[in-house]
Amino acid sequence: MAKKLNYLGVDLGGPSIKIVELKNVGNRPQLVTYGFVEGAYSIIKDTSAEARNAVAVHLKELIKRSRVSTDKTVAALPSYSVFSSIISLPAMSRKDLISAVRWEAKKFVPIPLEEMILDWEVLGQDTDAKDSKQAKTAAEGDASGKKAKKDKKEEKESKESEKVGMIQKGNIKVLLTAAPKEMVNRYVELFRDVGLQLVGLETESFSLQRSLVGNDRNPVMVIDVGSQATSISIFADNVPMLHRSIDLGGKSVTKSLAESMGLPEHAAEQFKHDMGGSFAGTSIDKLPQPVRYVINSVVNEVRYILNIYQGQHKKTVSKIILTGGSAFLGNFTESIEKVFNIKTYIGDPWARVIHPVEIDTMLRQLGPRLAVAVGLAMREIV
């Protein structure tokens with residue numbers, strides 16, 4: 001019975017695999033185990049069967065080594081591969097809303113809808129469940145078999161019929177996301193091959209909101225400095241209002257350091273981590289050029305997003321949270337806070353997770369790297 005209360009979050013972002021298993025203890029998440037492996041193939045960038053098989057081997061070994069005790073899994077799609085937008089629609093019945101959402105999706109999704117899986121949620125309505133969970137249903141159906149798919153379809157149709165006509169007054173806002181079917185299917189096949197039951201599939205930004213922002217309804221910016229890309233999101237009322245990604249991350253710094261110092265990449269990577277806390281109080285112009293370039297690029301993108309958000313919503317961001325494997329790079333937090341005069345700090349995904357006090361320091365160091373996996377594992381608990 002206890003096994004059913006445990007959930008495994010799996011983050012396949014970049015050339016690494018991160019996993020976190022949490023246990024449901026009175027609707028509070030408790031850490032069971034965690035693990036990560038670097039240098040794995042990426043099924044995001046490499047769509048070949050060889051890459052998928054290599055990831056499956058690494059994931060199986062990591063699960064065994066970390067002594068994972070559940071097969072119930074929630075995984076994340078990279079935010080930069082998923083299209084999302086908040087659309088405004090006039091009041092209408094649920095049946096008409098389904099058609100309207102698909103029509104609006106054609107305007108901002110640059111790929112034929114036949115090749116995408118749509119997921120949409122009415123914002124600001126007093127409902128207990130999402131109006132459509134097609135992406136999750138697709139993952140669950142393929143992972144659990146035809147019976148699960150049939151049950152989900154009947155359940156969805158029942159819920160939709162119950163809600164027809166509920167929205168009758170004023171305009172409504174709808175959060176619309178679209179993920180490529182081909183990518184979703186790749187994930188489903190991978191987890192089936194590994195022997196994991198995929199109970200949920202969502203974008204990284206939702207996972208970070210859950211693990212780092214929590215119940216804070218004020219406008220909050222989250223900067224995820226990953227290995228290959230940096231994603232910047234603004235959340236308000238627990239909803240992603242804006243999101244942008246740039247193809248620049250920790251790997252860029254490693255390669256530049258390797259070239260400028262004549263080091264192999266693994267040595268440059270170690271040097272990058274060792275110097276993480278050695279530039280406290282150092283101005284941006286005094287940092288090594290590769291680090292300076294990444295920080296300046298992120299600063300410019302943050303400035304652009306803040307201007308858009310404040311112009312559209314007439315609100316200011318209350319704080320900025322940094323996460324990702326390169327969050328400790330240089331004096332990132334100090335630089336961001338100084339430029340924008342907004343409280344900035346490294347996020348702690350363990351803040352609402354029960355864990356042994358004696359490993360608290362170590363977990364805080366690993367927190368930015370495991371934040372997505374923590375948020376995924378929390379999905380079915382909080």
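Colleague: Is Met-261 buried, partly exposed or exposed?
Modeller: This is a predicted model, and in this model Met-261 counts as partly exposed, because its relative accessibility is 39%. Buried would require under 20%, and exposed would require over 50%.

Colleague: Where does Met-261 lie?
Modeller: Met-261 lies in helix α7, which covers residues 250-261.

Colleague: Which residues form a nonpolar patch on the surface with Met-261?
Modeller: Leu-263 and Phe-271 form that patch together with Met-261. The accessible area of the three together is about 230 Å².

Colleague: Staying with α7, what should its twelve residues span, and how far apart are its end C-alpha atoms?
Modeller: At 1.5 Å a residue, α7 should span 16 Å. Its end C-alpha atoms are 16 Å apart, which agrees with that expectation.

Colleague: And which residues of α7 are buried?
Modeller: The buried residues in α7 are Gly-250, Val-253, Thr-254, Leu-257 and Ala-258. Seen down the axis of α7, the buried residues fall within an arc of 130°, so they line one face of the helix. Glu-259 and Ser-260, on the other side of α7, are exposed.

Colleague: Which residue has a positive phi although it is not a glycine?
Modeller: Asn-238 is one of them, with a phi of about 65°. Most residues other than glycine have a negative phi. Asn-238 is placed in the loop between β10 (230-236) and β11 (239-246). Its relative accessibility is 27%, so Asn-238 counts as partly exposed.

Colleague: What about Asn-341: what is its phi, and where is its place?
Modeller: Asn-341 also has a positive phi, near 55°. Its place is in the loop between α10 (332-340) and β13 (344-346). Asn-341 is exposed, because its relative accessible area is 72%.

Colleague: New topic. How many aromatic pairs does the structure hold?
Modeller: The structure holds two aromatic pairs. In one of them, the rings of Tyr-187 and Phe-191 have their centres 6.4 Å apart and their planes at 40°, so the pair is tilted.

Colleague: Where do Tyr-187 and Phe-191 lie?
Modeller: Both residues belong to helix α5 (residues 181-194). They are four residues apart, about one turn of the helix.

Colleague: Now the charged residues. How many salt bridges does the structure hold?
Modeller: There are 15 salt bridges in the structure. In one of them, the side chains of Arg-52 and Glu-189 meet at 2.6 Å, N to O. Arg-52 lies in helix α1 (residues 49-65) and Glu-189 in helix α5, so this pair ties together parts that are 137 residues apart in sequence.

Colleague: Which other salt bridge involves Arg-52?
Modeller: The side chain of Asp-193 meets that of Arg-52 in a salt bridge of 3.4 Å, N to O. This pair links distant parts of the chain, with Asp-193 in helix α5 and Arg-52 in helix α1, 141 residues apart.

Colleague: How exposed are Arg-52, Glu-189 and Asp-193?
Modeller: Arg-52 counts as partly exposed at 21% relative accessibility. Glu-189 is partly exposed at 29%, and Asp-193 is partly exposed at 37%.

Colleague: Which residues are linked in a network of salt bridges?
Modeller: Glu-202, Arg-210, Arg-379 and Glu-380 are linked in such a network.

Colleague: Last topic, helix α2: how far does it reach?
Modeller: Helix α2 (residues 94-108) has 15 residues and reaches 22 Å from its first C-alpha to its last, close to the expected 21 Å. Seen down its axis, the buried residues of α2 fall within an arc of 145°, so they line one face of the helix.

Colleague: Which exposed residues sit on the face turned away from that buried side?
Modeller: That face of α2 carries Lys-95, Trp-103 and Lys-106.

Notes. Residues numbered from 1 in each chain as written. Predicted model: local features only at pLDDT ≥ 70, side-chain atom pairs only at ≥ 80, totals over all residues. Heavy atoms only, no water. Patch = residues over 30% accessible without salt bridge, like charges linked within 9 Å, V, L, I, M, F, W, Y side chains within 5 Å. Areas by Shrake-Rupley, 256 points an atom, 1.4 Å probe, with all protein chains shown as cover. Salt bridge = Lys/Arg side-chain N within 4 Å of Asp/Glu carboxyl O. Helix = DSSP H or I, 4+ residues; strand = E, 2+ residues; numbered from the N terminus. Buried < 20%, exposed > 50% of the residue type's maximum accessible area, 1.4 Å probe, protein only. Expected span 1.5 Å × (residues − 1). Arc of directions from axis to C-beta. Phe/Tyr/Trp six-rings, centres within 6.5 Å; stacked < 30°, edge-to-face > 60°.
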